[in-house]
Amino acid sequence: MALTAVMRQDTGLVRQICSFERAINASLRADPGINDWLYGRAGYLYILRLCRTLEDPTSSTATLVNAAIEKTVDRILVRIMIFAPQYSWHGETELDAVHGTADIICQLVLSQPSAAILSLPMLRTLLNLNATGRFPSITKSASPDPHPQFYHRHLSFALSFAALAPLWPDLQPRIEQVVRAVKEDTWRYGLKGPCLLEGMAGYALVFGGADEEEQARFNHFLAFMSSSEMERRGCLREAGSNNEFGGLYTGEAGRAWVWAQAVAAATATGGRPMTCIGYNDI
């Protein structure tokens with residue numbers, strides 16, 4: 001609906017999306033609701049930011065969008081940052097993007113930068129969990145999967161931290177250290193499927209620097225997403241067998257977006273931002 005609203009320049013649809021805020025942020029003692037990016041309020045914040053790109057900042061619709069963002073940020077802060085500092089998903093404390101603390105902090109601060117102050121203790125906690133480029137997906141995880149994918153893995157931490165680093169100048173050296181460690185870990189283990197969420201399309205996203213080594217590593221992963229290479233490795237056998245092959249995070253649409261990033265990087269100076277569509281690109 002949000003994409004339709006932006007493509008059609010449909011203010012009515014934007015207002016309808018804003019009207020969902022009351023239900024999404026309903027205060028129910030027995031059911032506090034879901035706050036993560038994939039299914040919950042953090043994802044709603046991204047949708048609202050997308051809608052905000054359509055509106056003149058002085059318009060009445062923009063005022064509605066900003067009010068919905070503010071109320072959603074407040075609800076998340078109350079439920080997560082105060083009463084439950086670490087986000088629990090299916091009974092376990094999730095830390096990464098998609099269902100965890102990292103995605104909630106990222107969406108909060110990108111949507112309302114003033115939330116950075118209240119989010120700082122949680123960010124410090126996440127940074128202290130990393131020493132070698134590895135983050136646990138959940139606090140009970142004793143043996144994390146060696147693959148550094150975006151979904152439930154430490155690649156998502158790097159993308160989240162890179163987007164937020166400018167808001168915490170004092171922590172920027174530590175954030176850059178962690179991001180470098182994740183990059184090296186990704187380079188060491190990063191050969192898997194060609195999709196954005198759990199494979200090489202996602203791995204490529206962390207290599208956004210302007211230096212030759214970063215560009216070479218980015219291009220290395222792109223090479224494994226070419227049609228000829230995918231056919232050679234048998235990745236195209238599933239084409240047409242299910243909807244996932246053409247999906248944004250699971251298939252062709254996500255690869256197309258990463259290829260578009262490559263085209264943009266070829267004409268840009270200063271490197272390519274470490275962003276993932278639908279997550280921290282707005």
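Reader: Where does arginine 233 lie, and why is arginine 233 called partly exposed?

Author: In this predicted model, arginine 233 sits in the loop that runs between α12 (227-232) and α13 (252-267). Its relative accessibility is 33%, and since the class "partly exposed" lies between the limits of under 20% for buried and over 50% for exposed, arginine 233 therefore counts as partly exposed.

Reader: Which residues does arginine 233 touch, leaving out those up to four places away in sequence?

Author: Arginine 233 touches Lys192, Met200 and Phe224, where a contact requires heavy atoms within 4.5 Å. Arginine 233 also lies 9.7 Å from glycine 193, C-alpha to C-alpha, although the two are 40 residues apart in sequence.

Reader: What makes phenylalanine 224 buried or exposed?

Author: Phenylalanine 224 has a relative accessible area of 18%, and because buried means under 20%, phenylalanine 224 is classed as buried.

Reader: Why is glutamine 9 called exposed, and what is its phi?

Author: The relative accessible area of glutamine 9 is 53%, and as exposed means over 50%, glutamine 9 is therefore placed in that class. Its phi is near 55°, a positive value in a residue other than glycine, and glutamine 9 lies in the loop between α1 and α2 (11-19).

Reader: How do you know that helix α6 is mostly covered?

Author: Helix α6 comprises residues 101-111, and ten of its eleven residues are buried, each having under 20% relative accessible area. Among them are Thr101, Asp103, Gln107 and Ser111, as well as Ile104, Ile105, Leu108 and Val109. For the protein as a whole, 50% of the 282 residues count as buried.

Reader: What describes the packing of α8 and α9, and which residues make the contact?

Author: Helix α8 (residues 155-164) and helix α9 (residues 172-189) pack at an angle of about 145°, with their axes 9 Å apart, and α8 passes α9 in a left-handed crossing. On the side of α8 the contact is made by Leu155, Ala158, Phe161 and Ala162, and on the side of α9 by Ile175, Val178, Val179, Val182 and Thr186. These residues divide into eight nonpolar, one polar and no charged.

Reader: What is known of the lining of the largest pocket, and which residues lie nearest its centre?

Author: The largest pocket has a volume of about 500 Å³ and is lined by 23 residues, with Trp37, Tyr46, Ile47, Tyr249 and Gly278 lying nearest its centre. Helices α1 (2-8) and α4 (41-52) each supply at least two residues of this lining, and α4 gives the most, with six residues.

Reader: How do the residues of that lining divide by kind?

Author: The lining of the largest pocket divides into 18 nonpolar, three polar and two charged residues; Trp and Tyr count as nonpolar in this scheme, whereas Gly counts as polar.

Reader: How many helices and strands does the protein have, and what share of its contacts joins residues 24 or more positions apart?

Author: The secondary structure comes to 13 helices and two strands. Of the contacts with a separation of 6 or more, 66% are between residues 24 or more positions apart.

How values were computed: Residues numbered from 1 in each chain as written. Predicted model: local features only at pLDDT ≥ 70, side-chain atom pairs only at ≥ 80, totals over all residues. Heavy atoms only, no water. 1 Å grid on protein atoms, 1.4 Å probe; cavity = no way out; pocket = protein on both sides within 12 Å on 5 of 7 lines; lining within 4 Å. Points joined across faces, edges and corners; volume = space filled by probe spheres on them. Helix = DSSP H or I, 4+ residues; strand = E, 2+ residues; numbered from the N terminus. Axes fitted to C-alpha atoms, helices over the stretch in contact; angles between N-to-C directions. Left-handed = near helix turned anticlockwise from the far one by under 90°. Buried < 20%, exposed > 50% of the residue type's maximum accessible area, 1.4 Å probe, protein only.
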